[in-house]
Structures are given as structure tokens and as C-alpha cells.
Amino acid sequence: MKRVSKLVISGIVIGDFIGFWSSLFFSLVNGGTRYYPSSPHFVAQFSNVLTATWVSALYWAAIGIVFSVASIIFMKDTWSITRMTGTHFLVTLICFTPLAVLCGWFPLQWQFLLGFLFIFICIYIVMWIIFFTAAKRTVKAINIKLKK
């Protein structure tokens, strides 16, 4: 339970950090002089930008929690890497997709869902390769130390 609590807290912090800086970046890139925590359509649902930012921060925290807590799946040492990866992929996709829709990142229409799925898969593959390569290096370094 202590591990899950730490993961939830770190997920909130990381989710809000990434969400805020991403929204700031996209606000600047879109050439505006105003800050938008999400799409203008999302912000228009609220009485002011501050309220939209608070709601966005809650969604970003929830997204952070999803990915942080889902990492527990990779701690199942009795599972194969394939089973862990498949389960993690499905859990994060199923939990993250509704949050992305709520954040106003895309409308709930099949063509946008397909586009989102394609992007999610591409990013997931890249991240998986990065983490797998890092784990492989760690195992190699441990094996070298064990041989000494």
C-alpha cells in the first residue's frame, strides 16, 4: 500500500508537470498571446481560463496516476515480458483514452480515435524500446559486477 501511495503522489506531480509545460508549449507554438490549458473548445466550456486550468490540472494528475500506478504491472516477476507489456499497454490505453477525450485533445469520433490510437501505439513502442534498452544495460552491468 505504501508503494501505491508513493506512485499516486509521484504520478500527480509528474502528470501536472508534464501537462502544464506541454500546454504552455502548445500555447506558445500556436502563436497566441493567451495561455490555454487545452484546446480553445475545451476552455470555452468553462466560465474562465482559471477554472479550465484547474480542471485540466485534475485531468493531468489523473493521467499521471494512470501511468505511474500501471508501472506496477512490470513488477510481476512471474509474468513474461510479453504478458507484462501487453497488459500494461491495454490498461494504459483503456484508462488514458477517456481522459484524453475529457481533456479536449480530440473529439469522440471514430476517425479521431483511430488517429489517437496510431499515435499512442507509436509513442508506446518508442518508450518501450527506450526502457527495454535501459533495462538491458542495467542487467549487463549487474552481470559484469557478479562475475568480478
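1. The crossing of α4 and α5 is right-handed, a crossing being left-handed if the near helix is turned anticlockwise from the far one by less than a right angle, and right-handed if clockwise. In this predicted model, local features need pLDDT of at least 70 and side-chain atom pairs count only at pLDDT 80 or more, whereas totals for chains, interfaces and linings use all residues. Residues are numbered from 1 along each chain as its sequence is written, and side-chain values use heavy atoms, with hydrogens and water left out.

2. Two packed helices are described by the angle between their axes and the distance between the axes. For α4 and α5 the axes come within 11 Å and cross at roughly 140°, where axes are lines fitted to C-alpha atoms, for helices over the stretch in contact, and angles run from 0 to 180 degrees between N-to-C directions. The two helices α4 and α5 are therefore oblique to each other, given that angles under 35 degrees count as roughly parallel, over 145 as roughly antiparallel, 65 to 115 as roughly perpendicular and the rest as oblique. Contact (heavy atoms within 4.5 Å) is made here by residues including F89, T92 and F96 of α4 and F116, F120 and Y124 of α5.

3. The axes of α3 and α4 come within 10 Å and cross at roughly 180°, so that α3 and α4 are roughly antiparallel to each other. On the α3 side this contact is made by Y59, A62, I63, V66, F67 and A70, and on the α4 side by H88, V91, T92, C95, F96, L99 and L102.

4. Which residues does T92 touch, leaving aside its neighbours within four places in sequence? They are V66, F67, A70, T97, F120 and Y124. T92 lies in helix α4 and counts as buried because its relative accessibility is 0%; buried means under 20% relative accessible area, exposed over 50%, and partly exposed in between (1.4 Å probe, protein chains only).

5. Helix α5, residues 110–147, has 38 residues and reaches 54 Å from its first C-alpha to its last, close to the 56 Å expected at 1.5 Å a residue, the expected span being 1.5 Å times one less than the number of residues. Its buried residues are F116, F120 and Y124, and what covers them includes α3 (49–70) and α4 (81–102).

6. Helix α3 has 22 residues and reaches 31 Å between its first and last C-alpha, close to the expected 32 Å. Its buried residues, among them Y59, W60, I63 and V66, pack against α1 (2–29), α2 (40–43) and α4.

7. A search of the whole structure finds 16 aromatic pairs, where rings of Phe, Tyr and Trp (its six-membered ring) pair if their centres lie within 6.5 Å, and planes under 30 degrees apart count as stacked, over 60 as edge-to-face and the rest as tilted. F25 and F26 form an edge-to-face pair, at 5.4 Å centre to centre with 70° between the planes; F25 counts as partly exposed because its relative accessibility is 49%. Elsewhere, ring pairs link F67, F89, F96, W105, F106, F116, F120 and Y124 into a cluster.

8. Overall, the secondary structure comes to 5 helices and 0 strands, with helices (H or I, at least four residues) and strands (E, at least two) taken as DSSP runs numbered from the N terminus. The C-alpha trace spans about 65 × 30 × 30 Å along its principal axes, and buried residues make up 26% of the 148 residues.
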